[in-house]
Amino acid sequence: MDFIGKNLSRDGRNSTSSSQSFRDGRTPGPNDVFIAVMGVTGSGKSSFISLCSSKPVKIGHTLEACTSTVGVYAYDMLPDRTVYLIDTPGFDDTNRSDTEVLSEIASWLVGSYKGKILLHGIIYLHRITDIRMQGSAQKNLLMFRKLCGPEALKIVVLATTMWDKVSNEDGMKREKELKDTPEFWGWMIGKGSSCHRHDNTKASAMDIVHKLAKINAPRATDLQRQIVDERRRLDQTGAGQEVQSETLKKRERLAQKYRENEQQMRDAIQEHDREAEEILRKERDKYTRMIKKAENDTGALRSTMENLLAKHDKRVAQMEEQMKAQQNAHNEELRRIKDRQRQLEQEKEKLEKERERDRQAQQEQERQAQQEQERQAQQEQERQAKRDKRIARMEEQMRAQQEANNEELRQIKDVQRRLEQENQKLERGKAQERQVSQYRDEQAQKGVSWSTAGFPPYSVSMMGSSYYCNSPFQWCSNLGSHPKQREGSGVLKGVSIGDVWNGETQWVAHFSNNNWQHSKDLVQSYSHLAASIDAYGLGNLEICVLGPSPIYYARWLNGHWRSWTSDDANIAFNQCSSTGSGPKVWSVAFGYGNSYVLSYGYSSDLKNLCNMYDLKGHYPQLAQFLVSNPMIAILAVTLNPTNTTDFVVVYQHCHGDNTVGGLWYCSDPSMLQTINDWWNNGAAEL
């Protein structure tokens, strides 16, 4: 939006000043500053002005021009000094010809010059990201030089933008080329123009503007003097002649293409090529319109000062009419709002009166109820005092009798506890003997020894404060009633504990009859595993280990396996897995920070399992043990993913007898004691 034709003073009153009034109802004062901002489309003109004025300016992020008319944006530099920044369209406008752009700029410059307003400075913005000076940029720069003239070049600042998008080395190289090349900035610098860098900050933009404001030497441009003082037409000015030359060249190029199109169309008619003829006819019509536009642009350049002022006044009148219509609509909307507000206030007053009556009635009811409650409470206190006296006498009698009974009961319980402890020791020993005998008989019937069972006979798992440890003869856990210890004819053989979801610990359980179960919310916290189970079947699982959600490893009886873990762990799984009779992963543990441990080998020889691990610098006791004992077969292992220290590992030496060893570390003393008891009460037997 450019200046408005009707003059308004700073307080909004009508003024008879000869100067023009600008945006926001401001009238320029004697200390005010006027600075034009120019440059090619996308150089950052609108962004620069928005930073200085703190006002919304339409900013483009494509090659299509956003500024199509001259706009003026004001901000107060000092209490008595306002800076007016003039946003101008570039001569590479995507929607308007150079003639229309020059006419737009000329209208504003002529109008301001007639109103005794001179420019204190001109800021020309250029993208430092441009590798070379493109044709449109060169044309814009040449037009800028013709428009300013030698005198106005003394108040020109040539500013480079977008330094954050190039390296400092490339930027300095391109800046030097701009300064040293006469066809670029060299000639203008020689005439008094200065160079600055704009880093897209408010401070940088304000610094450039304030340097021009301090010069305080406003000047007229060649275009203003040539049209107003010398009474030239627009096509007789230096800038107009440059545009006219380009327009005539463009018209000649279009005319040549038009003639070529005519010849091609005649050839198509002779060859009866109707499709080509139709295409060429449309091309001819397009060239006809473009030639007509070039001719109109040439005619428009013959505008005199009066034509430019009349054009400007017409646009101002249209803007005033639009503003008047908008103001009327605003006033009507404001009237409706006030009527509605008055109606709401009346309704509010009525509601408040009704609410006050209801409040008073409620208070009276509450007062009466309170009095009744106090009367009943007083009566109840008196009755209670009498009951308390009777109860106190009875309690004293009962206390004496209870003390005598307690002493007798304590003596009886001491005897019972000693008997129960003895019976428990006897029963536990018998149960362990029966379990060992039964398990070994079953394995003997299958023709295998303990070291050649098809699946490691141990299962250990921990996650946070939850744990589960199982051997053929002993188990310990704090998971509660889930999973159950028996499922049909099967006994719980192993559990893998996962993360907590909605307050419930997630788990996967394996039974001795090869049945599997999992917690009800597993699909929420381990969705990828749940999808794999749906695809391959829960009953077909052979091994399944949970880590921190959503990490897991699972293998089915057909040899297919799936995992969701780190890349290095997946690489290890690929190296240690095969189908058929090849090696398989038999024990896995996922720990803190994508650490892992796994053992793999042939199902017929668990004693010769191999180990692979990457503890990521965590679990120092386990790391030292594995380095010191490379020739062990890990039968079961778990890492606590919630810390960097806790673990349990059960192993056999690859050479020697079938003796099973165990190593564990628990930072929780209670968990440590429970695992110690589990191991010492029979878990170590194999």
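This is a predicted model: local features need pLDDT of at least 70, side-chain atom pairs count only at pLDDT 80 or more; totals for chains, interfaces and linings use all residues.
## Strands and their pairing

β12 covers residues 504–511 and is joined to β11, residues 490–501, by seven bridges. The two strands run antiparallel. Another bridge partner pair is V495 with A509 of β12. β11 and β12 form a hairpin, with two residues between the strands. N502 lies in that turn and has a positive phi of about 55 degrees.

## The open sheet

Four strands make up an open sheet, and their order is β10-β11-β12-β13. The pairing in this sheet is antiparallel. The edges are held by β10 (486–487) and β13 (516–518); each has a single partner strand, so one side of each has no neighbour in the sheet.

β10 is joined to β11 by two bridges, and these strands run antiparallel. E487 has G490 in β11 as its bridge partner. β10 and β11 also form a hairpin with two residues between them. In this turn, G488 has a positive phi of about 65 degrees.

K249, K250, R253 and K257 form a positive surface patch. One of these residues, K249, is found in helix α8. K249 has 46% relative accessibility and therefore counts as partly exposed, the class that lies between buried, under 20%, and exposed, over 50%.

A negative surface patch consists of D267, E271, D273 and E275. Within this group, D273 is in the loop between α8 (238–270) and α9 (274–300). D273 is also partly exposed, because its relative accessibility is 33%.

## A lysine in a loop

K116 is placed in the loop between α2 (98–114) and β4 (121–127). Is K116 buried or exposed? K116 is exposed, because its relative accessible area is 68% and the class of exposed residues begins over 50%.

K116 can also be located by its distance to A220. The two residues are 104 residues apart along the chain, and their C-alpha atoms are separated by 10.0 Å.

Definitions and conventions: Residues are numbered from 1 along each chain as its sequence is written. Side-chain values use heavy atoms; hydrogens and water are left out. Patches are made of residues with over 30% relative accessible area and no salt bridge: like charges are joined within 9 Å, nonpolar side chains (Val, Leu, Ile, Met, Phe, Trp, Tyr) within 5 Å. Accessible areas come from the Shrake-Rupley method with a 1.4 Å probe; for residues, only the protein chains shown count as cover. A salt bridge is a side-chain nitrogen of Lys or Arg within 4 Å of a carboxyl oxygen of Asp or Glu. Lys and Arg count as positive and Asp and Glu as negative; His and the chain ends are not counted. The place of a charge is taken as NZ of Lys, CZ of Arg, CG of Asp or CD of Glu. Buried means under 20% relative accessible area, exposed over 50%, partly exposed in between (1.4 Å probe, protein chains only). Two strands pair if DSSP finds at least two bridges between them.
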